[in-house]
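Subject: Handover of a protein model

Dear colleague,

Please find below the structure I promised to pass on to you.

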Amino acid sequence: MARTVDKTLLLAIGCVLLAMITIQSGASLAKQLFPLIGPDGTTALRLGFSAIVLWLVFRPWRALPKGRDWQAIIVYGLCLGGMNILFYLAIARIPLGIGVALEFTGPLAVALLASRRKRDLFWVACAFAGILLLLPDMRGADALDPLGVVLALAAGACWAGYILFGKKTGSQASGGITVALGMTVAALVLVPAGAITQGMALLSWQVLPLGLLVGILSSAVPYTLEMVALRHMTSQNFSVFMSMEPAIAALAGLLFLAELLTVWQWLAILLVIVASLGSSLTTGKAKQAPPVITEH
């Protein structure tokens, strides 16, 4: 029995780690598309292909929301779309690992604001210190683009809205159906916008296969892996492992994009990870929120 439990837990851990790797691989690939179709065009392809794949996998037409439930779905989808476009606009200006670390402040803020314990102030201080270290120093040779920093923080705010409104949509539909509908809302807004700005470049055979791959790596595959993981581990364990994502993003940026970070930037990412990890470990089971798909 113990061996069976160990195997299922190892399977869950493997799924979480693979989900984070595929997400950041997708983000690295997306960034390589920016010179061809820009962040807006890349977002359009990613959301369009993701929506199609998720509709085929989860078949949301079987349990469509009714009445006012659509309001939460629409806001949820707009937050999802905003998170995607703002994040891509951010990493067009700043390294991938830093963008993810700054974006992580959104879900971290949701977790910490839901707690009333004084000890959580320490995790707030860690996250704040990390952000301070990442704020642009215009005098330095390695200064970050200030607009990129603001865009990454705005993406984090959208991620917070994605989490909050995602909870409100879960009463009538499964998580898969919810994210498929939310992705569709985001695609209906941003695919036409990308088509207007980038035109026929989006239909280039040089671009389309890469756009499909970005959609699969960034949404379809990691979401499926995360759902498998959550069947075999607690929400708290899931959150603990997901706290490592900024580091994985920084490594992906180094390996795939040759993005070198300074010692201070690595320290800032570490502080954000510590804040996320500490928040996950000290959250009481009774107050844990169900984790949601990470959409970078």
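Predicted model: local features only at pLDDT ≥ 70, side-chain atom pairs only at ≥ 80, totals over all residues.

Overall fold

The protein contains 11 helices and 0 strands. Read from the N terminus, its elements run α-α-α-α-α-α-α-α-α-α-α. The chain has 296 residues, and 51% of them count as buried.

Helix 3 and helix 10

How do helix 3 and helix 10 run relative to each other? The axes of helix 3 (residues 96–103) and helix 10 come within 7 Å and cross at roughly 160°. An angle over 145 degrees counts as roughly antiparallel, and helix 3 and helix 10 are therefore roughly antiparallel to each other. The crossing of helix 3 with helix 10 is right-handed. On the side of helix 3, the contact is made by Leu96, Gly97, Val100 and Ala101. Helix 10 contributes Glu245, Pro246, Ala249, Ala250, Ala252 and Gly253. Sorted by class, the residues of this contact between helix 3 and helix 10 comprise 7 nonpolar, 2 polar and 1 charged.

Helix 4 and helix 6

The second contact joins helix 4 (residues 105–113) and helix 6 (residues 146–168), whose axes come within 6 Å and cross at roughly 50°. That angle makes helix 4 oblique to helix 6. From helix 4, the residues Thr105, Gly106, Pro107 and Val110 take part. They meet Leu153, Gly156, Trp159, Ala160, Ile163 and Leu164 of helix 6. By class, the contact of helix 4 with helix 6 has 7 nonpolar residues, 3 polar residues and no charged residues.

Ser28 belongs to helix 1 (residues 2–58). Is Ser28 buried or exposed? Its relative accessibility is 1%, so Ser28 counts as buried. Leaving out residues up to four places away in sequence, Ser28 touches Leu96, Ala252, Gly253, Phe256 and Leu257. Among these partners of Ser28, Leu96, Ala252 and Gly253 also take part in the contact of helix 3 with helix 10.

Leu257 is found in helix 10, which spans residues 245–257. With a relative accessibility of 21%, Leu257 counts as partly exposed; the cut-off for buried is under 20%. Neighbours within four places in sequence aside, Leu257 is in contact with Ser28, Lys31, Gln32 and Ala252. Leu257 and Pro95 are 162 residues apart along the chain, and their C-alpha atoms are separated by 8.8 Å.

Ile73

Ile73 counts as buried because its relative accessibility is 2%. The C-alpha atoms of Ile73 and Met183 are separated by 9.7 Å, while along the chain these two residues are 110 residues apart.

With kind regards

Definitions and conventions: Residues numbered from 1 in each chain as written. Heavy atoms only, no water. Helix = DSSP H or I, 4+ residues; strand = E, 2+ residues; numbered from the N terminus. Buried < 20%, exposed > 50% of the residue type's maximum accessible area, 1.4 Å probe, protein only. Contact = heavy atoms within 4.5 Å. Axes fitted to C-alpha atoms, helices over the stretch in contact; angles between N-to-C directions. Parallel < 35°, antiparallel > 145°, perpendicular 65-115°, else oblique. Left-handed = near helix turned anticlockwise from the far one by under 90°. Nonpolar A, V, L, I, M, F, W, Y, C, P; charged D, E, K, R; others polar.
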